[in-house]
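Please look at the sequence and the structure first.

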Amino acid sequence: MSRHPVVIIGSGPAGLTAAIYTARANLSPLVIEGEPSSTSDQPGGQLMLTTEVENFPGFPEGIMGPELMMRFREQASRFGASFITAKATAIDFSQRPFKVWVRDDLYEADSIIVSTGAQSLMIGLEAEERLLGHGVSTCATCDGFFFRGQEIAVVGGGDSAIEEATFLTKFASKVTLIHRRDTLRASKIMQDRALSNPKIEMRWNSVVTNLIGHDKLVGAMVRDVNTAEESLLPVTGLFVAIGHRPNTDLFKGVLDMEDSGYLITKSDSSYTNIDGVFACGDVQDHTYRQAITAAGSGCMAAIDAERWLEAVGH
Ligand code: NAP
């Protein structure tokens, strides 16, 4: 058992920024960074699953997602953050010091920063994971630019899929929207915008059954769910936009969350419903979901934690 002023759970841009700030405030944060073998709780978060990041300020030439996260981590280490490379498996926030377990090991904390992130829901194809970052993407804002003049597809029928398809028409020569039903879930105004866009073609009642390409996507097999007919859609990009899931299972019944599982933070702050427990990054943001906004909210959580610790006489 060891006791720490700040324990940070999760190590994407939010958690590592919180680590940099709390480390520089001499709070010697302990970061429980995640499970290396996992694709949902991996150290470094979702950027570990991307290739090039071109929109993180300060890198005019772009930087690979994993390298960016390695640099965040080095910066936190330099100021005294320490790391446990495993997943938090249990918590007890009912009294202070708070308790966090990693399997049988107990860590006590005067304050906690939750930055466990979110994961994009995936279709579940074997090739999807392999081609992620090589034609398959879960973020149009991040990757749309790479598909200038190309034919691409978006999977989903909700607001995200429609928004992404519409946004992607700025770059792609054609966007096929593949939806498993014959009506969209998206709001009417978004639907109208997409359906009247000449660059967007609808593939109703259709699901993607396989992805073609070894190192790079070259096509998607699409099945009509009514006729069972399969056809090859020659696309070099496939954006999966079927929703996200925040990583909040550990906090159910303890931290206030929306029905969708996103943690609720008090407005303009990172405060949760428990004094001394703060949340930042995608685990509490279903709107922006960018590395830079996650990093910004990690900075907020660090400052909130630092001031709170001081106020309670730490
Ligand atoms: P969503 O509303 O849950 O929609 C997910 C879509 O993906 C649905 O159309 C669903 O099909 C489809 N889908 C789910 N699993 C699938 C699978 N395994 N294979 C194929 N298709 C699958 O998620 P979202 O679009 O990410 O939106 C989440 C929330 O954010 C919503 O409340 C939305 O309104 C909001 N949002 C708002 C805006 C905006 O207002 N600008 C933008 C983005 C998101 P079915 O329809 O058949 O279930």
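Domain 1 and domain 2 bury about 720 Å² between them, and 50% of that area lies on carbon and sulfur atoms. The model is a predicted one, and every value here is computed from it.

**The two domains**

The domain assignment of the protein chain gives domain 1 as 2-119 + 244-311, and domain 2 as 122-240. Seven residues of domain 1 and ten residues of domain 2 take part in the contact. Taken over C-alpha atoms, the centres of domain 1 and domain 2 are 31 Å apart.

By class, the side of domain 1 that touches domain 2 has one nonpolar, four polar and two charged residues.

How many salt bridges does the rule find across the interface of domain 1 and domain 2? The number is zero.

**The cysteines**

The structure holds one disulfide. In general terms, a disulfide is a covalent bond between the sulfur atoms of two cysteines. Here the bond joins Cys139 to Cys142, with an S to S distance of 2.1 Å. The link of Cys139 and Cys142 is right-handed, with 75° about the S-S bond.

Cys280 is in no disulfide, and its nearest cysteine sulfur, that of Cys299, is 9.9 Å away. Cys299 is likewise in no disulfide, with the sulfur of Cys280 as the nearest cysteine sulfur, 9.9 Å away. A disulfide needs two cysteine sulfur atoms within 2.5 Å, and the distance from Cys280 to Cys299 is given as 9.9 Å.

| Cysteine | Relative accessible area | Class |
|---|---|---|
| Cys139 | 14% | buried |
| Cys142 | 26% | partly exposed |
| Cys280 | 0% | buried |
| Cys299 | 17% | buried |

Is Cys299 buried or exposed? Cys299 counts as buried because its relative accessibility is 17%, and the cut-off for buried is under 20%. Cys142 is partly exposed because its relative accessible area is 26%, which lies between the cut-offs of 20% and 50%.

Notes. Residues numbered from 1 in each chain as written. Predicted model: local features only at pLDDT ≥ 70, side-chain atom pairs only at ≥ 80, totals over all residues. Heavy atoms only, no water. Domains from an automatic or database assignment. Contact = heavy atoms within 4.5 Å. Buried area = accessible area lost by both parts, 1.4 Å probe. Salt bridge = Lys/Arg side-chain N within 4 Å of Asp/Glu carboxyl O. Nonpolar A, V, L, I, M, F, W, Y, C, P; charged D, E, K, R; others polar. Buried < 20%, exposed > 50% of the residue type's maximum accessible area, 1.4 Å probe, protein only.
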